[in-house]
Amino acid sequence: MQFHALNFSCCCNSHLNNAVPFKTLVSHNNPPFGTGVIFRSTWKTSLDLKQLNRGGAINSSSEEQNSGITAEATRKVVEHICLLKAKPDLSDKDEKDMLDFLYTCQYQMRGILAISLGRISYENVDGYTHAVFMRFQNKEDLSKFYEHPFYLGVLKDHVTPYCHEFGYFDYESEIQDDILSIFRKGEEFNFGVEYIFLISLKESSLGDVADDALTSLAELTMQFPSLIVQATKGSTFNPGSKDYTHAVVIRFRSSEAFDIFMGTSEYKDVWRSKFQPIIEKKLSISFSVDPVGNELM
């Protein structure tokens with residue numbers, strides 16, 4: 001499989017009308033990284049997650065297979081985040097139709113390595129109601145995706161009628177050079193909580209300071225394989241969108257895993273010392289991931 005990095009930038013933030021944003025059932029005061037959020041979790045286990053720590057016995061399949069591989073064994077990928085603001089009268093049927101067609105994109109065009117999507121679990125400052133996460137091999141594949149007739153048709157017929165605004169955020173990241181990690185396949189990727197954290201950092205902090213903060217968070221997530229399946233980070237490269245400069249996506253094993261991680265002293269220290277001094281704006285959202293099978297596509 002060849003992965004190439006090409007120069008491409010794309011951004012869209014469409015205001016379709018002035019409808020009032022859809023309100024979700026749970027309201028929180030925009031806590032840092034979503035602390036205190038209640039999720040709908042589909043993972044059932046007899047293990048007590050509260051007894052698991054960074055030395056826990058539950059490890060990702062990619063970690064098990066790559067236990068002898070050095071940290072340099074990684075691949076670059078491009079992550080795509082689409083956030084939607086649904087109209088207040090969106091029915092359950094129309095919501096399912098919209099999400100089903102967006103999910104089907106991976107089967108109708110080449111280049112999409114992984115996808116997850118769902119209804120955001122709590123209110124957020126920007127009023128987004130639904131989120132889509134996709135992974136691409138490179139920026140060229142992302143460019144083709146934005147222009148693909150099937151995707152444009154899905155937006156026209158199954159997204160725009162139900163949403164009054166949506167925005168895109170793309171960033172380049174690195175993951176383990178392992179097929180399960182790249183394609184997010186295997187049993188552990190079929191459930192849990194997808195957590196998306198968008199931040200705008202002070203201009204004076206861009207560069208080494210920002211890199212240090214993001215690297216500190218990434219290194220911390222790697223210390224908790226019992227709670228986290230995978231985490232990626234990177235600078236957004238949408239020149240038309242100045243709302244957020246960086247993005248982080250973390251797949252937690254469950255809502256319980258999320259709560260445990262956010263409650264650790266290590267996480268709180270990283271948040272206070274690395275992020276609070278340099279953040280201008282932040283948006284944290286999450287959605288529950290339902291089982292979708294475990295066969296490699």
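Y146 is buried, because its relative accessibility is 9% and the cut-off for buried is under 20%. This value comes from a predicted model. Y168 is buried too, because its relative accessibility is 3%.

A search of the whole structure finds 15 aromatic pairs. Y146 and Y168 form one of them. Their ring centres lie 5.2 Å apart. The partners come from distant parts of the chain, 22 residues apart. Y146 belongs to helix α3, residues 139-147. Y168 belongs to strand β5, residues 163-176.

## An Edge-to-Face Pair and a Cluster

F252 and F258 show another geometry. Their ring centres are 5.1 Å apart. Their planes stand at 80 degrees, so this pair is edge-to-face. The cut-off for that label is over 60 degrees. Are F252 and F258 buried or exposed? Both are buried.

These two rings also belong to an aromatic cluster. Its members are Y195, F197, F224, F252, F258, F261 and Y267.

## Where Helices α3 and α4 Meet

Helix α3 packs against helix α4, which covers residues 149-159. Their axes are 5 Å apart, at an angle of about 50 degrees. That angle is why α3 counts as oblique to α4.

Which residues make the contact? From α3 come F145, Y146 and E147. From α4 come P149, Y151 and L152. Of the contact residues, 5 are nonpolar, 1 is charged and none is polar.

## Charges Over Rings

Two lysines sit over aromatic rings. The charged end of K85 lies over the ring of Y128, 5.1 Å from the ring centre. The charged end of K139 lies over the ring of F237, 4.5 Å from the ring centre.

Most residues other than glycine have a negative phi.

Where does R184 lie? R184 is in the loop between α5 (179-183) and β6 (192-201). R184 counts as buried, because its relative accessibility is 8%.

Conventions
Residues are numbered from 1 along each chain as its sequence is written. This is a predicted model: local features need pLDDT of at least 70, side-chain atom pairs count only at pLDDT 80 or more; totals for chains, interfaces and linings use all residues. Side-chain values use heavy atoms; hydrogens and water are left out. Rings of Phe, Tyr and Trp (its six-membered ring) pair if their centres lie within 6.5 Å; planes under 30 degrees apart count as stacked, over 60 as edge-to-face and the rest as tilted. Helices (H or I, at least four residues) and strands (E, at least two) are DSSP runs, numbered from the N terminus. Buried means under 20% relative accessible area, exposed over 50%, partly exposed in between (1.4 Å probe, protein chains only). A charge sits over a ring if NZ of Lys or CZ of Arg is within 6 Å of the ring centre and within 35 degrees of the ring normal. Axes are lines fitted to C-alpha atoms, for helices over the stretch in contact, and angles run from 0 to 180 degrees between N-to-C directions. Angles under 35 degrees count as roughly parallel, over 145 as roughly antiparallel, 65 to 115 as roughly perpendicular and the rest as oblique. Contact means heavy atoms within 4.5 Å. Ala, Val, Leu, Ile, Met, Phe, Trp, Tyr, Cys and Pro count as nonpolar, Asp, Glu, Lys and Arg as charged, and the others, Gly among them, as polar.
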